[in-house]
Amino acid sequence: MFGNFDFDVIARTWKYLFFTGMTFTVELTLMAMVGGIIFGTILALGRLSHFKWLAMICATYVNGIRSVPLVLVIFWFYFLVPYIGAWVIGSPTPIPVGAFTSSLVTFILFEAAYYCEIMRAGIQSISRGQVMAGQALGMTYFQNMGNIVLPQAFRNMIPILLTQTIVLFQDVSLVSILSITDFVGAARKIAERDGRQAEMYLFVGIVYFVICLSLSMLVKQLQRRVAIVR
Amino acid sequence: MNYNWNWGIFWQAAPGGQGTYAQALLSGLMFTLAVGLLAWIMALILGSIVGTVRTTPSKWAVRIGNGYVELFRNIPLLVQMYMWYFVIPEFLPGPIGSYIKSMPNEPFVTAVICLGFFTSARVAEQVRAGINSLPRGQSMAGTAMGLTPTQTYMKVILPQAFRIIIPPMTSEFLNVIKNSSVALYIGVMELTAQARSMQEFSFQVFEAFSAATLLYVAINVIVLNLMRFIENRTRVPGLIAVGGAKIAGH
């Protein structure tokens, strides 16, 4: 069964796979998670805002992003980010943007739509009495949100936010289409150079499975620990 | 911003002599729908079986079902695509493996199978959640009426569970359409791939991706409205909307 397999290719290249590829994947995942949760929370507040126009803009953004595939969004921003950069700086020509920046912007803006829906559900799950109590104490909207609603909503939603981050970790593999050396991109380069696709992708699959399964088991444990007893 | 807009590009001939760029995009749309629908049928059948098995009292069957779901949920779809394309044929006995590798539409078949299995794990999760959301009394009543376990599932549990999980299943269906774009990594010329090749040949980046985006949004709007209609027609009397499983994903 493994007769034609040559697992030596992994022994020869694992340093490249992990130190170059996996490092990129993990860095991008963590930075996109932080950026995505912050922007997603802002979007969620926007969607729940009393200003109809603001709620509508945020809802359109979230629903628009959620109805197109990630691959298409990756392409969009790969070509769009240089133009946005030029517009921000005021340069007449598109400015070249590195692969990491381009994919970081993509993932923050894309995942924010998904984090937004999670945070929105979290905010809506806080009972109205909490908000009213805050108002009765004379808190402003932002004091109320920052001190009362968001900390509770965030805590309730930590397990789902982390599960979404595991999905984000898996989705980072899609940037390899732009010849970026993430974990899968690195594996693809080696696989194509040495003609060892079968071994390489089998190994990549096992690595992802082990990491993601352990992470989701950790999340399940965490879920039991952070649950607020009512 | 000095980008040369040219919306007339869609009516110009695409390279390859297959017609205009608009026709190329439409053929991509057809592939997207074909991969999505075939994978969806496969996912519905497999997912329903696995999801139902996970609610039976048999411990080992539940374990196998859980393992199935974990296997497909913890490997990125792209890596699964590569594994079905490059790894699995190596494991099949010689003649079958080489027959598969020499099939003319191998990427298409691989994409359907891969996406079918991937989505079936998600469907299984929804089916299980739907069944578990029913009161225990339903299956007890079935047993009390003298129905066999199979009859209880077929006549009491599943007809209710499937109607309850229509909303989450709608988003799973939209997911399978969106996820079919990953098939471009193994060379299926679906909608995103056609938009990309149009961009490469014509340099009209934003027109190409705008058209693809509009088509995806149109699919979404149509499916959502259709499912809302079906949902209203099949609502279980006396039940308020009960959600399915909250699972992260796209």
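What follows is a short talk through a few features of this predicted model.

Modeller: This is a predicted model, where local features need pLDDT of at least 70, side-chain atom pairs count only at pLDDT 80 or more, and totals for chains, interfaces and linings use all residues. Residues are numbered from 1 along each chain as its sequence is written, and chains are lettered from A and ligands numbered from 1 in the order in which they are written.

Colleague: At what angle do the axes of α1(B) and α5(B) cross?

Modeller: Axes are lines fitted to C-alpha atoms, for helices over the stretch in contact, with angles from 0 to 180 degrees between N-to-C directions. Helices are DSSP runs (H or I, at least four residues), numbered from the N terminus. Here, α1 (residues 21–53) and α5 (residues 106–132) of chain B cross at roughly 40 degrees, their axes coming within 6 Å. Under 35 degrees would count as roughly parallel, over 145 as roughly antiparallel and 65 to 115 as roughly perpendicular, with the rest oblique, so α1(B) and α5(B) are oblique to each other.

Colleague: How many residues does each chain give to the contact?

Modeller: Residues are in contact if their C-beta atoms, placed from the backbone, lie within 7 Å. Chain B puts in 34 residues and chain A 35. On the side of chain B that touches chain A, α3(B) gives the most, with 8 residues.

Colleague: And which residues does Met81(B) touch?

Modeller: Leaving out residues up to four places away in sequence, Met81(B) touches Ala111(B), Cys114(B), Val182(B), Tyr185(B) and Ile186(B).

Methods:
Two residues are in contact if their C-beta atoms, placed from the backbone, lie within 7 Å. Helices (H or I, at least four residues) and strands (E, at least two) are DSSP runs, numbered from the N terminus.
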